Structure formats: C-alpha cells, structure tokens
Amino acid sequence: MYQTAAPFWETTPLELMDAEQWDALCDGCGKCCLEKFEDEDTGRIVYSRIACALLDLDTCRCRDYPNRARRMPDCITLTPEHLADPRWLPETCAYRLLAEGRPLPRWHPLVSGDPESVAEAGESVRGRVLAPETGENPLMHLIDWVR
C-alpha cells in the first residue's frame, strides 16, 4: 500500500507558505468581507449582513483582488503577522483555524476538492447578505450566524 504525502497546510507553517499556497487557504465564503464591529465592552466581533462594495455576491470573491487594499482602505491584506490575534476572522476561516492549530473542516475546498462544498455546507454568505449600495445601516443588520 502506498502512503500519500500529507497536504501542504498540514506540513507547512503559515509563515513559510508561498503565495499560491496562502491564497489557496481562502475557502471563498465571503464572511471576512462583511461589515463588522467590535463590542467595546467584550471585545467580541459582531458581523452585519452588509458586504464590502468589492464582494461579488454571486461568487463570494473580490471583484478587484489585486487592488482591494488601495480601493478599500479598511481592507486588510492578510499576512501571518495578522494571525497573532486572529479573533477578528470568522471561526471557520482556514487562516484562523491553522493559526490556532486546528484542522480544516471537511467542507473546505482543499479537503473536499469541490469549491461548491462551502455553499453546500451553509458556510458561504451567498444569498444571505446585502450590497452596500442598498444604503442600509449595517448596525440595523447585525447577524449571529457568523462567529
């Protein structure tokens, strides 16, 4: 019987991943692209249903990924240094999970082999969020299904 090599995310530390490996960790859920707030009393991050203007609500991918930080000053270009305190990322985020020493979920495309497994598992924001062009106040659209 042949033994297969362990996947890169199980053997390569986040800080040693190349750009292709790093980008492959994103499951495309879109959760990190929602307006969020920090509760000043508890430090808890609270998400709203209002998406970033660059988030494609159908694909849950950034419409201008290479220029996102320039176009959206609040957008954080994630680096291993940001993962020292990953609590601002969703609990299901691969970057956060790996930074905390936890495995990727079965529905993650790197595990399942299917990019649609994120939506099928109910982990995508597809069909559940609003574009900022609606003019809705994010504080009136707080949600609890992203933690």
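## Exercises on a predicted structure

About 1,000 Å³ of space lies in the largest pocket. The model you are looking at is predicted, so keep that in mind as you work through the exercises.

### Exercise 1: The largest pocket

Task: Find out how many residues line the largest pocket, and which elements supply the lining.

Solution. 
Step 1. Rolling a probe the size of a water molecule over the atoms shows where empty space is left.
Step 2. Now turn to the elements. At least two lining residues come from each of α2, β1, β4 and α4. The largest share, three residues, is supplied by β1.

### Exercise 2: The open sheet

Task: Work out the order of the strands in the three-stranded sheet, and explain why one side of β1 and of β5 has no neighbour there.

Solution. 
Step 1. Strands of a sheet pair through backbone hydrogen bonds, either parallel or antiparallel.
Step 2. Here the order is β1-β2-β5, the sheet is open, and the pairing is antiparallel.
Step 3. β1 (34-38) and β5 (142-143) stand at the edges with a single partner strand each, so one side of each is left without a neighbour in the sheet.
Step 4. Zoom in on one pair: β1 and β2 (residues 45-51) are joined by four bridges in the antiparallel sense. For E38, the bridge partner in β2 is I45.

### Exercise 3: A salt bridge at D64

Task: Locate D64, decide whether D64 is buried or exposed, and name its salt-bridge partner.

Solution. 
Step 1. D64 sits in the loop between β4 (61-62) and α3 (68-71).
Step 2. The relative accessibility of D64 is 15%, and because buried means under 20%, D64 counts as buried.
Step 3. Side chains of opposite charge can pair when their charged atoms come close.
Step 4. The partner is R71: the two side chains meet in a salt bridge of 2.9 Å, N to O. R71 itself is partly exposed, at 43% relative accessibility.
Step 5. Apart from residues up to four places away in sequence, D64 touches L54 and R71.

### Exercise 4: The surroundings of R96

Task: Describe where R96 lies, how accessible R96 is, and what its side chain meets.

Solution. 
Step 1. R96 belongs to helix α4 (residues 94-99).
Step 2. With a relative accessible area of 12%, R96 is buried.
Step 3. The side chains of R96 and E100 meet in a salt bridge of 3.0 Å, N to O. E100 is partly exposed at 36% relative accessibility.
Step 4. A polar atom of the R96 side chain also lies 3.4 Å from the backbone oxygen of R87.
Step 5. Setting aside neighbours within four places in sequence, the contacts of R96 are L83, P86, R87, L89, P90, E91 and R102.

### Exercise 5: Two loop residues

Task: For C26 and P105, find the loop, the accessibility and the contacts.

Solution. 
Step 1. C26 is in the loop between α2 (19-24) and β1, whereas P105 is in the loop between α4 and α5 (109-112).
Step 2. C26 counts as partly exposed at 33% relative accessibility, while P105 counts as buried at 19%.
Step 3. Leaving out neighbours within four places in sequence, C26 is in contact with R61, Y95 and H108. By the same rule, P105 is in contact with L97 and V111.
Step 4. Finish with a distance for each. C26 and L110 are 84 residues apart along the chain, and their C-alpha atoms are separated by 9.3 Å. For P105 and V118, 13 residues apart, the C-alpha separation is 9.8 Å.

Technical notes
Residues numbered from 1 in each chain as written. Predicted model: local features only at pLDDT ≥ 70, side-chain atom pairs only at ≥ 80, totals over all residues. Heavy atoms only, no water. Buried < 20%, exposed > 50% of the residue type's maximum accessible area, 1.4 Å probe, protein only. Polar contact = N/O pair within 3.5 Å; in protein donor to acceptor, adjacent residues only side chain to side chain. Contact = heavy atoms within 4.5 Å. Pairing = 2+ DSSP bridges. Salt bridge = Lys/Arg side-chain N within 4 Å of Asp/Glu carboxyl O. 1 Å grid on protein atoms, 1.4 Å probe; cavity = no way out; pocket = protein on both sides within 12 Å on 5 of 7 lines; lining within 4 Å. Points joined across faces, edges and corners; volume = space filled by probe spheres on them.
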